[in-house]
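Here are some notes to read beside the model. Each point takes up one place in the chain and says what can be seen there.

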Amino acid sequence: MKVPVALAILISQAALADVVVLKGATLIDGTGRAPQQNAVLIVEGGRISGVGAAGKVAVPEGARVVDLKGRTIIPGLINAHGHVGLVAGGQNRPDAYTRENVQAQLVQYERYGVTSVLTLGLNRDLVYEIREEQRRGAAPGASLFTAGRGIGAPGGAPPVPVAPDQVYRPKTPEEAAAEVDEAAAHKPDYFKIWVDDVFGKFPKMEPAVFKATIDAAHRHGIKVASHVFYLADAKAVIGSGVDALAHSVRDQPVDDELVTMMKKRGTFYVATLNVDASFFAFADDPSMLDDPFLAAALPAESVQQFRSPEYRAKVAADPNVPKARAALANGTRNLKMLHAKGVHIAFGTDSGANPARIQGWAEHRELELMVAAGLRPMDALVAATRGSAAMLGVSDRGTLEKGKRADFLVLAGNPLDDIRNTRKLVSVWHDGREIQPRVASASVQ
Ligand SMILES: [Zn+2]
């Protein structure tokens, strides 16, 4: 059949209306290269079909053009250590892992500019259904990667109140390997182990158990991230082949032996400075809660709770808080040192693990803490984008280059001038679709 010319033009214009040209912004592409001034970014079918300097990228006629002069574009943030379905109504609850709650939390991440998240353990198997629905385009929110349940210690870490089907706690290496085999059938994106005594309170996972877990995961071609606190445990899990440290080393300064091991094996490091700060930040400075960018991420009962004298008294009396302060100081120093030595840095927050680790807000806070630790804003952004994508082993996101997913943030300020400008969200683009941020940019000075 011959299509009349006028109709053919109409059809091609309709197709082109789905092509969006964003022009005039300063573009930070996530590779670490210097920003592109007056950039052109072309979005087509959820992908980036062109990117570069104005005048150097062919702009299709008939496309929708968005003028972003004065704005800055960065890749969507990738949280390589988050959690969903652990907190409901401002509390950790073993019944919080519901479809409704998990989806609401994924939407919250997305509306704060976290376009992908690795939920690193404590997931019910429901997570695989939600991941599948998302991949079919049938569920909203940040793109979900998951480590499923994860492998903890009997009577030990993780000390989180969850239902029995949210974590394995093997007693022997054989049990651990069998549980990894069972979980691997769901094709998790990562495995998670916990190696910690939680300030000396619990028995730690036996080395034979984590070795068996890591070996079994690797037999299935799946990488393993480990919760750690102590330098000695970090070395032990890396020596057993772990692929990523999911927290900072926090008991003491890291040493050359650890650096050498991590560089030789390409181990990723996720500092999660937000974890240690979350023990006391709101008690130290309740005025943080005046910021709508934070308050909008919390249920009203949590805002009230964190402002209350009872909360401040509880923090003041908690014997773990001075330990968390020392841990943050160590973690801060160690991040700077490991980054300077060229260890692979990825990005995570442990947001969603408890009510003080706040999904969406925590990721912007982590960037700020990384810069306070001595990383340049560009280094922190690269960790949070390309770095996390590399840890996940995905090549379709993390940088803004031709052919990659159209996952990016439009900001009203340049984060290279002040890392807090990542909070000045104008819009979030996820899979080529524009999403309104949870809080408009005007909320941040
Ligand atoms: Zn965690």
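1. Start with Ser308, which is placed in the loop between helix H11 (300-307) and helix H12 (309-317). The model is a predicted one. Is Ser308 buried or exposed? Its relative accessible area is 13%, and buried means under 20%, so Ser308 is buried.

2. The side chain of Ser308 has polar contacts with the backbone. A polar atom of this side chain lies 2.7 Å from the backbone oxygen of Gln305. The side chain of Ser308 also reaches the backbone nitrogen of Tyr311, at 3.1 Å.

3. Phe306 has 2% relative accessibility and counts as buried. Tyr311, at 8% relative accessibility, also counts as buried.

4. How many aromatic pairs does a search of the whole structure find? The search gives 8 aromatic pairs. In one of them, Phe199 and Phe279, the ring centres are 6.5 Å apart and the planes stand at 70°, so this pair is edge-to-face. The pair links distant parts of the chain, 80 residues apart. Phe199 is in the loop between strand S11 (191-194) and helix H5 (207-219), while Phe279 is in the loop between helix H8 (273-277) and helix H9 (281-284).

5. Check the accessibility of these two rings as well. Phe199 counts as partly exposed at 25% relative accessibility, and Phe279 counts as partly exposed at 25%. Phe199 and Phe279 belong to one aromatic cluster together with Phe229 and Tyr230.

6. Phe280 has a charged residue over its ring. Arg325 lies over the face of Phe280, at 4.2 Å from the ring centre.

7. Next comes the metal site. Which residues coordinate the zinc ion? They are His81 (NE2), His83 (NE2) and Asp350 (OD), at 2.0 to 2.1 Å. Along the sequence, the donor residues follow the spacing H-x1-H-x266-D. His81 lies in strand S6 (residues 77-82) and Asp350 in the loop between strand S15 (344-346) and helix H14 (361-372), so the pair ties together parts that are 269 residues apart in sequence.

8. His81 has a relative accessible area of 1% and is buried. Asp350 is buried too, with a relative accessible area of 6%.

9. Strand S15 is also part of a sheet. The sheet is open and has 5 strands in the order S11-S12-S13-S14-S15, with parallel pairing. S11 and S15 stand at the edges with a single partner strand each, so one side of each has no neighbour in the sheet.

10. Within that sheet, look at strand S13 (residues 244-245) and strand S14 (residues 268-270). These two pair in the parallel sense over 2 bridges. Ala244 stands opposite Phe268 in S14.

11. The last stop is Gly413, in the loop between strand S16 (408-411) and strand S17 (425-430). Gly413 has 11% relative accessibility and counts as buried. Leaving aside residues up to four places away in sequence, Gly413 touches Thr72, Asn421 and Lys424. Gly413 and Gly70 are 343 residues apart in sequence, and their C-alpha atoms are 7.9 Å apart in space.

Terms used. Residues numbered from 1 in each chain as written. Heavy atoms only, no water. Helix = DSSP H or I, 4+ residues; strand = E, 2+ residues; numbered from the N terminus. Buried < 20%, exposed > 50% of the residue type's maximum accessible area, 1.4 Å probe, protein only. Contact = heavy atoms within 4.5 Å. Donors = N, O, S within 2.8 Å, 3.2 Å for Na, K, Ca; no water. Phe/Tyr/Trp six-rings, centres within 6.5 Å; stacked < 30°, edge-to-face > 60°. Lys NZ or Arg CZ within 6 Å of the ring centre and 35° of its normal. Polar contact = N/O pair within 3.5 Å; in protein donor to acceptor, adjacent residues only side chain to side chain. Pairing = 2+ DSSP bridges.
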